[in-house]
Each structure stands twice: as structure tokens, then as C-alpha cells.
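User: Hi! I'd like to talk through a structure with you. Could you show it to me and start with how you define things?
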Amino acid sequence: MYAKFPDGAARRTDPAAAAEVLYDAVIVGGGIAGAIVASRLGEAGKRVLILEAGPAEDLTLRGYEAYLDRFYSAISKDNQAPYPVVANAPMPRGTDARRIFPGAPDASAYIVQNGPFATDTTYTRVLGGTTMHWEAKTLRMLPEDFRMRTLYGEGADWPLGYEDLAPYYTEAEREIGVSADVEDQAYLGITFDEGYVFPMKGLPLSYLDRMVAGDIDGMPVELDGEKRELRVRPFPQGRNGIPNPAYDGGKGYVPRGAVSTYQVEVGGRCQGNNNCVPICPVQAKYNAGKTLAAALRTGRVDLVAQAVAHKVHVDERTGRVTEIEYRRYDRPDSPGFTTMRARGRLFVLAANAVENPRLMLASGLRSSSGLMGRNFMDHAYLLAWALLPEVAGTFRGTNCTGGITDLRGGRFRRRQAAFSVDIHNDGWGWARGAPMTDLIDLVDAGGRYGESLRQGLVDRVSRQLQLAFMVEVPADPSNRVTVDPAITDSLGNMRPILTYDIPEYTMRGVAYARQLSKRIFARLGAEDHTAYDPAFWGYAVHTGEGYEIRGGNHLAGTHVMGRDPSTSVVNADQRCWDHENLYLVGGGSMPTVGTSNVTLTVAALCLRSVRVMLAQLASETAPIHLTSHGAARGRSPEVAQ
Amino acid sequence: MTASTIDNRDDLISYLHAAMALEHATIPPYLTAYYSIRSGTNSDAAHIIRVVAVEEMLHLTLAANVLNAIGGTPDLTLPGFVPTYPAYLPDGEDDFTVDLRPFSPEAVETFCRIERPGEAPGAGSRLVRTADRARPVLVSSPTVEGMRFYSIGEFYEEIIEGLEKVAADDPGLFCGDPTLQVGPEYFYSGGGTVTTVRDLDSARRALRAIAAQGEGLDSGVHDADGELAHYYRFRQLQLGRYYQVGDRPDSPSGPPLGVSWDDVYRLKVSARLSDYPAGSELARAARGFNADYGAFLALLTKAFNGRPGLLQDAVWYMFRLRDGFNRLVRNPLPGSGGLNAAPTFEVPTAVDSGPHAPRTVGGTPRAVTR
């Protein structure tokens, strides 16, 4: 079944008319967080306005295929390759990262990198947000990830536990459409409701995974006095597989295919294409357009795109947000814009863990805790690559189907970071640009063509094994997003400034990961080709050894939730302590990032928050007194140092 | 009404073999049009054709389920299973044939005719006399020589009535091995799902689903689930606009769609192996395609005979067929007046026919007469 996007919905709402409407909720951001909140509020009969920074185009199959064409013809196949560059709503790109030298921040790209560590962290500013390039791994967090301080004296405790989030994980797995088998996913304390099955059956391990498993399953590891055996385990995935007839008490599940304004039938099943990241050719991989389409179909959700939030206005007496001032650009390719405002009872910032604090700080709203923008987290990825002794069918299957998750949790977290390990079905793609680099080398250096070129390429890439260690990064207040009024984009919006270093705790996990990779390669009889280049932008040294560290785009921690207003920005419901009608939702609320890709947890947190939003709307029945600042009269924002 | 042409289980088995051959026979024309479209162009048309082709595969599977349910043995490798193109249309007119054509107004017109709602000329009979027995037809009666059906829907109505009649006399009609049924866990189609068949009711449901998805039966433009019938999917290409639920047949009111007839490889229509220069690389590619297609049909035959899990292998097999198409349609066919090559679907009876010219099911390869 396709996800019907109402024809014309991206343009039908007149911003001037919308400014006269008092919406039940104004949401900034049309990614998965905003789409989930909008759909649930809309279904509950609430009037909602979504402001989206990206271009105002309906989501159609043709439009999606234009993204695909751009990706196919792009030289750089980075995460943003499918998406047009729009100066009015700029996006960071993985290719932006440059080595940072002390005292010389890199302001050449949208995110100003203050260092000392440079990251290639990205997010996508189009309708659908970063789910337009995500990989769609949907791991739940471990119960211990919510209690890191108590259990291991490291990181922070959440104001809620696994059991509080579990029902929303279940709901998120429905919304995204997760393919997995419970028997593979119940480990390290992860539990499921009695009789639960995922919407769709698990996707099979790739041939490469099974080759690795042949030698690795049962490999003993001892860490901090705990012995365990490794095994290759399938990942839960937000891509369409075989519906499980036992789902939902035997009702089954109907996969959601492509998004379009007209009837199409594509994307109901994963075909095993190998460019899941950035873009699934058939939309078997979930993207937030599917949820957004449902939100818009309620008829109560309006969408104004090409609308970049500029300032959050607050009533100084009550602390309540009164309106969001935004700049609506007329065309993606020209700088003209109109200042508009959006008014509502509730406001929901669902941009992401960089854009949410950027907007708040640009509005002079630093949180009375002083923590707005602080505790920025991402995953630190360490790659290790080798050649297997025999052909392993690399490049078959989706980007990643299996990995090693046994070191996601355990007592060792007292001392060093945990990690999850991906086995990459795209070979050395991430580390060394395979298969393009292999192709270029065979042609340019090897003079190969025709049959010999085809065979040469198969010989080279089909033995490639790349392990990606996704290492947790604990919250550190000095890792942070700030703004500077002097540093703005073409619409005059302040750009995010990132100050980031990899904590020692993470580096200990990185060093251990590299040692483990050597043992794994030895056990597989694989030839280790891993080499870390000191000139690499993300080169980091730990106890004399250097490593290439990459970002995971799993943004978290910039408006952390907590029980105490003095040590957190939002409460467990993601409601701002300082502004009772403002919710900051998404990864930014997470006090720990653990070893899960963040999207499933973001979705679960949003589903949980929607209940609270509805309760708040129901309780605040009295007319709201609005102080209209008039967008142009807003005070100059205070700016974090 | 004339007397039924179906009297017993053997008649039903013959009809259901014919049904599978019929459902399959539409697939090569759809695939030829689909793969003639230059990649990245004609999104609307490509998706419409692809969906219909995929649903014909669903229909093939449904017919196999019914055949298995009554104790028959699906076999896609039987001689004559793949027709020799051009073949006659099933709609009662004798002046149109189904060709293997590149995407073109003629191809769309043909597709509309294949899927057009049926209306027998009178209440008298679903059967009409075949005009020219020398050419293969898509929907002929397997039990009454020289007769064929006016439309695909009427062909299925005949089978349904036959099933009812035979089942009334023979309570053991549905004696097939239930483990041979292909269920929804093995087969995915964008629209419609596989029904497993174990009795008259489920058999009726399966066959009505085929007819309804094709021509809309009497349910109008959309079916009860809001799915557009094939005929109307193709009509969108002629009318330049998508249908929305509630539209009348002559006036779709959805978003506009565009067709670029020039972004198409101009293929030799219903090419035959004899059109290919002997010994050429292109001829090898054409034979290779036919061998792959034969192997694919053999794989499906196994899947329909107790190994439904093989339908997952069929997925990557179809990618192989796509590559085979691309090898041909992107290359000019010498001596064809500037047209490109295309698969001939002359499937060898043995998968490994060696370097010699394959033995074809439709007799020796011959030039198309048009």
C-alpha cells in the first residue's frame, strides 16, 4: 500500500492566513519527530502547523526519483548527494569536514567547527528530515543505558527507564515498520511484551554475515572479569520485509510503500539494493514522508515549507512561548524572504539536536540550567577493514544486515565505552570509497576494460570485509552547540557552532575496538588492511596510537531531560522546564546515547510526549492571553559565549 | 446460455493450465515496453506498466494455487507455455495482435485492449469462433477446438461456473496437497494479496480477484480497497491524468502525468532470433536471455510444486533478466533499419542448449508477419 500525500499539501497553506490562526500546536521540523507529533495530534482532532525549512514540494514518486537521479549522477555519494543545495536552509555535508588546527575554527561550511575534534556529522533539511538518508537500523536501547550513572558511575541517569519507554518502542516499531525477530533481539536485558512479534519478520543475514558468523560465533571475550561469547546477530531494520501474520494478535501488518500524491505500488518489500544510505531506490526503507502523509491526510495539519524558524518569542512574565517568527523564502535559489509568524497553544521544536538548540540560543533562550546546547553527543565510529581469504559476496544485500552486539553492555562500562559492531555489506565503501575507488584504480592504474574489468572488480570487492564499531560517547557539557550573531547564513539565521572533543572514556572503547578487530580478523584468516592516516580530519591519538574517528549522525544530548530543572533542559515528557508550552523533542532530550542508532528512541520519546501534549491541551481550556510582539519588534537575542 | 465447456476435473485442469499460460503471456509484452523506457525517464508510465506486470505475476500465482488445489500440476516449462508473438488479442476482434513492442501509443492501446472490460456480443455465449487458426491466441478454449473467449474476465467466469458445477458432483474436487499452496508470506505484490485455495469459496475469490484487478469487473474504476484496475491504470497514460477514488471512467481528476514518447529505445517489434546476425555477440546475448528466461520459468515451476521459498530467489533472478533486457535494448540490431534489439522470448526447451541454436517451443524461429 502506498502512502498517499495529499495533492498540493506542500503549498496549499497560505502563510499569511496561517499567521491569523491560533493552532493547537506549531511544530518546527518535518522529520520523523515532527511528523509523529503532527500525525497523532491531528488524529486526535487538533489543529497543527508544521514549519519546514526545506523546499515546498509535494512528496511524489517523481520527486523522489529526482533525488535518486541526482544521487546516481553525483560524483560524491555522500549522505546529502540526493538533495539539492539550498542556501536558505543549508545542510552540513560529510564532505565538509576538515582537520582543525588549534585556534583556527573551520567556518567554511554550514556548521562552524570549533574543534578541537572535527566531525563529519550531518543531518538532512528536506521534508522527511534525516530519515531521507538514514540507514534504518532500529535497535532499542538497553535497560542499563537509562541508568548509566547509578550502575557504572559514568554519564547520566534518565528520568525514565526502559520499562517506561517499552510500550512506545512497540508503537514506534509499528510506525516505522520494523522487520526483526524477537528471539534475535532479546539480549542484554532487552525485553518484549509476552507474545510480541515485530510487524515484519527479520531480514535474513547476508552471505557475508554468515561467512563471518561461521568463524566468530562462539568467540570468547573476557572484559572486566566478565566472560562472554560473541555471535553475529541480525539487526532490527526499518525496512519492509515479510509481514508477520502473528502481529497485533493475529491481525498482521500491511507494509507501507512509497509516498506519492497518486496511486503507486512500489516499496512494499526490500529488494536488497545496496544503496540504502543515503537513499533506498524503492522506499522500502522507512522515511518520515510516510508519517507526514498520514498527518496531512487528517485535514487538520497544515504545512508551510521554505519556512526557516528564526526566533522563539517568549512572554517574559509567564515564560510561555507566544509565537515563532520564521523567514519564508520565496524560492530555493534566491535570497528573498518574508518574515512571518506562527501562533499556537503549544510549540514543538522538532528540528534536531543541533537545530533545536541553535534556534533556542539564537532566540536568547539559554535555559535556566545553562545547559541549552551542551552535552552534544554523536556516536564515534571506528572502522577496521580486511580482505577475507575467500569470496564472500560483499555488496550483496542491504548496507548492513548483521553485526556483533554482545559488547553493548556490561560491567566494563565503568571504565570504557560500549559499542555495537556492524558488518558492512558495502565492503570498504565507508573507509575507502569502494567500489568506486576500486573501479578507478583498475581503469587508471590497471588499464582494465570490458570482461577483464568486470572480473577484476568482482575479485577485488567481493572479499572486502569492513567492521564499523559504533562507540558510545558520554555527555560532556563542554561538547556543545553555540551561536554567534556575527555568523549567519544567507537568510540571516545564526549558524550552529560546534565545539567537540572525543572523551577519554570513548577513546578507551575505541582502542579496545581496534584490538578486538585484529583478533576477529585473525580468527577469520583475513588480511588486515586497516591503516589510519594522521592527515585524516578525524584523526585522534590515544595512548600513543592514532585512529580515524568518524561521526554517526546520531545527534543527541543538547537539551537533556532530567528530574531537576537545574541540571536538565526538559523533563521526562520533553517539556521545557522554563517554558510550560514548549516541547523540545528528539535526540537532544537523550541524556545518554548508548549504542543504539537514535531514531527509534526519538520516535518512542515523541509518541510518549504526545500523550502529555494532549493532556496539556485538554487541561488548558481557558483562553490563552497572547502577547503579540510583532515579529519585527523582537529583541536582539542574547548569545551564548 | 450455451452449455458449459467444462464437464469434469480434467477439463478444469486444462482450463487452469490455459489460465496460467494466459496470465504469463501478458508479461513479456509488458516487460518489453517497461525496459524499452530509458532509465530515469517516463516515471509515470514505467510505474504503471511495472505494477501491472507484477500483478500479472500475482495472477499467475493465484491460478497456480487453484490448479494445485484441485490436484493439478503447474508447469511453466510445457511446450507452448510461452506464446509466439505476435499473438491474437482475447477481446473478440480479429484485427489486433499482441506484439512485443517498445513503449509507444500503439503499445498502450494494446495494453488497454488486453485489460478492457469484457462484454460478450450477446447474452448467448462467452465463446466466439476463432477466425484464423494459424496464429496463436491468448484466450482460447482448451476443450472446444476453434473457440475462444471474448474477454479475459469471461474466460474466468467460465472456469468459476465449471468449478461450481464439478464441485457439486464431486465433493472431493479440492483434493490438492495444501503444502503446495503459495501464501502471502512467499509472494509479494504491490496491490492484492495471494489467496491460498482449499475449497470452492477460496477458489472463487482467487479467480474473481484476477478478473477484478484486470478490468475492474463491474466494480468501476477502483475496487473495494481503492485499487485501480489495470485497464484504468493504462487509460491514465492516454488521458494524461491520474484517477482518484470517486472519479468516473472518462474524467480522471488526480494530478497530471506526463509521457515522453521519445525517451524510449526504439526496438524491433516482436524480434525473433532469426533477425539477429548469426554468430554475433548480440545473438549470443539474445539466446542467453532466452535461456535465462527458461531457467526462470523452471524455477517458478519448482516454486509452484512445493518449494514456495524459491520465489525469493526469483527476486534476484528478475534482476538478472533486467540486466539481460538492458544488454539487448541498448544496442542496435543490424539490418533492422536503425531499431534496437529486444528479447525474443523463444524459450529453449532445455535450459542448457549449448552453442547451437535453441529448439524453440513454437516451432522453428520465423520472421514476423505483420
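Analyst: Happy to! Two residues are in contact if their C-beta atoms, placed from the backbone, lie within 7 Å. This is a predicted model, where local features need pLDDT of at least 70, side-chain atom pairs count only at pLDDT 80 or more, and totals for chains, interfaces and linings use all residues. Residues are numbered from 1 along each chain as its sequence is written, while chains are lettered from A and ligands numbered from 1 in the order in which they are written.

User: What pLDDT does chain A average?
Analyst: Chain A averages 94, and 97% of the residues score at least 70; pLDDT is the predictor's confidence in each residue, from 0 to 100. Over residues 628–641 of chain A the pLDDT is below 50, and this stretch has 26 contacts in the model beyond near neighbours in sequence. Where pLDDT is low, the predicted coordinates should not be read in detail.

User: Good to know. And what's the radius of gyration of chain A?
Analyst: Chain A has 24 Å, which agrees with the value near 26 Å that a compact globule of 641 residues would have. The radius is taken over C-alpha atoms, and the globule rule is 2.2 Å times the number of residues to the power 0.38. The C-alpha trace of chain A spans about 70 × 55 × 55 Å along its principal axes.

User: How many helices and strands are in chain A?
Analyst: There are 15 helices and 22 strands. Helices (H or I, at least four residues) and strands (E, at least two) are DSSP runs, numbered from the N terminus.

User: Let's zoom in on H7(A). Which residues are buried there?
Analyst: In this helix, residues 207–216 of chain A, the buried ones are Leu208(A), Asp209(A), Met211(A), Val212(A) and Ile216(A). A residue is buried if 20 or more other C-beta atoms lie within 10 Å of its own, exposed if 12 or fewer, and partly exposed in between, again with C-beta atoms placed from the backbone.

User: Why are they on the same side of H7(A)?
Analyst: Because they cover an arc of only 160° around the axis, taking the directions from the helix axis to the C-beta atoms. Their cover includes strands S7, S14, S15 and S16 and helix H14 of chain A.

User: Switching topic: which residues touch the most other members of the largest nonpolar core?
Analyst: They are Ile27(A), Val37(A), Leu51(A), Leu382(A) and Val66(B), in a core of 288 residues. Such a core is a set of buried Ala, Val, Leu, Ile, Met, Phe, Trp, Tyr and Cys residues joined through C-beta atoms within 7 Å. Helix H3 of chain B gives the most to this core, with 15 residues.

User: What is Leu382(A) in contact with?
Analyst: Leaving aside neighbours within four places in sequence, the partners of Leu382(A) include Phe469(A), Val471(A), Tyr547(A) and Ile549(A).

User: One last spot. Is Thr13(A) buried or exposed?
Analyst: Thr13(A) is buried, with 20 other C-beta atoms within 10 Å. Thr13(A) lies in the loop between strand S1 and helix H1 of chain A. Val304(A) is 291 residues from Thr13(A) in sequence, yet their C-alpha atoms are 6.2 Å apart.
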